[in-house]
Amino acid sequence: MSAASILVITRSAPYGSSAARDALDVALTCSVFEQPVSLLFLDDAVFQLLKGQSPGGIGQKNLNAVQQSLPLYDIDRLYVGARALAERGLHASDLILPVQTIDEAELASLLADHTTVLSV
Amino acid sequence: MTTEMINGHAVAFDDEGYLQDLSQWSPRVAEHLAAQEGLELTEAHWEVLHLLRDFYARYAHSPAMRPLVKAVKQSLGDDKGRSIYLMQLFPGSPAKLAARLAGLPKPDNCL
Amino acid sequence: MILHTLNQPPANAACFERCREAMSSDDTLLLIEDGVYWALPAFAARLESLSGRVKVLAADAAARGVDLPAAHCIDDQAFVALCVSHDKVVSWF
Amino acid sequence: MIFSIIVQAPPVQAQGAETALRFARAVLAAGHRIHRVFFYRDGVHNGTALTCTPQDENSIPAQWQALAAEHDLDLVVCIAAAVRRGLIDESEAGRYGHRHWNLADGFELSGLGQLVEACLTSDRVVTFGGRS
């Protein structure tokens, strides 16, 4: 495995647009290439990880279902903005997968630590 | 697009041989598609096909090769959770061929 | 050293704030498209911590009638040069 | 230096597609190489052959085509994003049973793997986004 690493940043809530699924697809594809990939959820993207989604009534695929396959793709570096959670009255325990919460100071170093940063 | 009669039902496939209507899948469809590939489905094939259908039901997509191998490893053990094993059962591109026989959509995240 | 580009107008303050928080002390911010409005004097306080490290894409500012000191404005060639002189580019939109 | 450009902005509705074009020209003018331009999300509409542009406006797809022809650029449109949005080539038209197709010459449909490969191969990756 090369030292190159990709960070995918997502900032959008799920379902209202395809952004959440599109970001996830980029991450899944990185892992197909056996490239280390991390996902960073900022702002409304923390809603993507909320448990208990049931989008059958709006004709969409359940994002929670796809997210739960991430460990099988060896994608386990999931970062969530601590303030994004707090502002929305959420806790890490409300989320479907274990995540690492990061504060503002850690945000800059996370970006610095990855070779390529992709916003979706 | 082609339509074939399988067990008295008209079943439609796209150009790459994937089912148009996933609900038309049955074990007979899998056997029919396998025969076209020159394969006879054994117990070893079936346990992978069932695993794939479970994967799809749970994770809402057809897996790429790597997660497929990992899922097989977790359910069927280390001996089977290897790409060489899946290549023997489903020659060529196991993730694509097995998804096709299992009546799932073509895996999206391919190279 | 990262070059950040931002194309969102002041109404989308969250995008700007995330970008600002993500910036290290040696990073540069390039305002493009609707992002150029952040360079107006009304928002000077929010850009204070970035002083000297904010650039504006000249064609976008001119298109919108945003009149800025020439020192802040760069052309497309200089945009490319900034990409080269920084390790990577992060886009905020 | 080797650049790759990711375009997520659609033409017309967002400015990002035009910004990406200008950036691509500037990259080439500076003597750098563009490994690939990858169109994702609504950015896939940059690859349509069927835009009708008034005489006094510029067609974004036509400009990509011209630039690609002049500099032998690799213009790759994400196939998964494209077919969902009704942007298909002849072979996808066959696969899905459509009688028409609309991918412009010079563009190619391919998988997201091309985006990842571009990230691994390029010194700089620059993304031009729309909103949403």
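Guide: What follows is a set of questions and answers on a predicted model.

Visitor: How many aromatic pairs does a search of the whole structure find?
Guide: The model is predicted. Rings pair here if their centres lie within 6.5 Å. Over all chains, the search gives 11 aromatic pairs.

Visitor: Are the rings of B:Phe55 and B:Tyr59 stacked or edge-to-face?
Guide: Their centres lie 4.7 Å apart, with the planes at 65°. Planes over 60 degrees apart count as edge-to-face. So the pair B:Phe55 and B:Tyr59 is edge-to-face.

Visitor: Which helix holds B:Phe55 and B:Tyr59?
Guide: The two residues are 4 apart, about one turn of the helix. Both belong to chain B. Their helix is H2 (residues 43–59).

Visitor: Is B:Phe55 buried or exposed, and what of B:Tyr59?
Guide: Buried means under 20% relative accessible area. B:Phe55 has 4%, and B:Tyr59 has 9%. So B:Phe55 is buried, and B:Tyr59 also counts as buried.

Visitor: Which residue has its charged end over the ring of B:Trp25?
Guide: The charged end lies 3.9 Å from the ring centre. It belongs to a residue of chain B, B:Arg53.

Visitor: Which residues do ring pairs link into a cluster?
Guide: The cluster draws on chains C and D. Ring pairs make the links. The members are C:Phe79, D:Phe3, D:Phe23 and D:Phe128.

Visitor: What area is buried between chain C and chain D?
Guide: In this interface, 21 residues of chain C contact 22 residues of chain D. Carbon and sulfur atoms give 55% of the buried area. The area is about 1,600 Å².

Visitor: Which side chains meet in a salt bridge between chain C and chain D?
Guide: The count between these chains is 1 salt bridge. There are also 11 residue pairs in polar contact. The salt bridge has an N to O distance of 3.0 Å, and its partners are C:Asp76 and D:Arg22.

Visitor: Which element gives the largest share of the side of chain C that touches chain D?
Guide: Helix H2 (58–63), helix H3 (76–85) and strand E5 (88–92) of chain C each give two or more residues. The largest share is 6 residues, and it comes from H3(C).

Visitor: What area is buried between chain B and chain A?
Guide: Here 15 residues of chain B are in contact with 17 residues of chain A. Carbon and sulfur atoms give 56% of the buried area. The area is about 1,500 Å².

Visitor: Which residue of chain B meets A:Asp74 in a salt bridge?
Guide: The interface of chain B and chain A has 2 salt bridges and 6 residue pairs in polar contact. In the bridge to A:Asp74, N to O is 2.2 Å. The partner is B:Lys70.

Visitor: Which element gives the largest share of the side of chain B that touches chain A?
Guide: H2 and helix H3 (65–76) of chain B each supply at least two residues. The largest share is 5 residues, from H3(B).

Visitor: How many residues apart in sequence are the parts tied together by A:Arg11 and A:Asp43?
Guide: Their side chains meet in a salt bridge, 2.8 Å from N to O. A:Arg11 lies in the loop between strand E1 (6–10) and helix H1 (19–32) of chain A, and A:Asp43 in the loop between strand E2 (37–41) and helix H2 (63–67). Both residues are buried. The pair ties together parts that are 32 residues apart.

Visitor: Which helices hold A:Glu104 and A:Arg83?
Guide: These side chains meet in a salt bridge at 2.4 Å, N to O. The pair ties together parts 21 residues apart in sequence. A:Glu104 lies in helix H4 (residues 104–113) of chain A, and A:Arg83 in helix H3 (residues 82–87).

Visitor: Why does the pair of D:Arg84 and B:Asp108 join two chains?
Guide: The two side chains meet in a salt bridge, 3.6 Å from N to O. D:Arg84 lies in helix H3 (residues 79–84) of chain D, and B:Asp108 in the segment after helix H5 (94–101) of chain B, so the chains joined are D and B.

Definitions and conventions: Residues numbered from 1 in each chain as written. Chains lettered and ligands numbered in written order. Predicted model: local features only at pLDDT ≥ 70, side-chain atom pairs only at ≥ 80, totals over all residues. Heavy atoms only, no water. Phe/Tyr/Trp six-rings, centres within 6.5 Å; stacked < 30°, edge-to-face > 60°. Buried < 20%, exposed > 50% of the residue type's maximum accessible area, 1.4 Å probe, protein only. Lys NZ or Arg CZ within 6 Å of the ring centre and 35° of its normal. Contact = heavy atoms within 4.5 Å. Buried area = accessible area lost by both parts, 1.4 Å probe. Salt bridge = Lys/Arg side-chain N within 4 Å of Asp/Glu carboxyl O. Polar contact = N/O pair within 3.5 Å; in protein donor to acceptor, adjacent residues only side chain to side chain.
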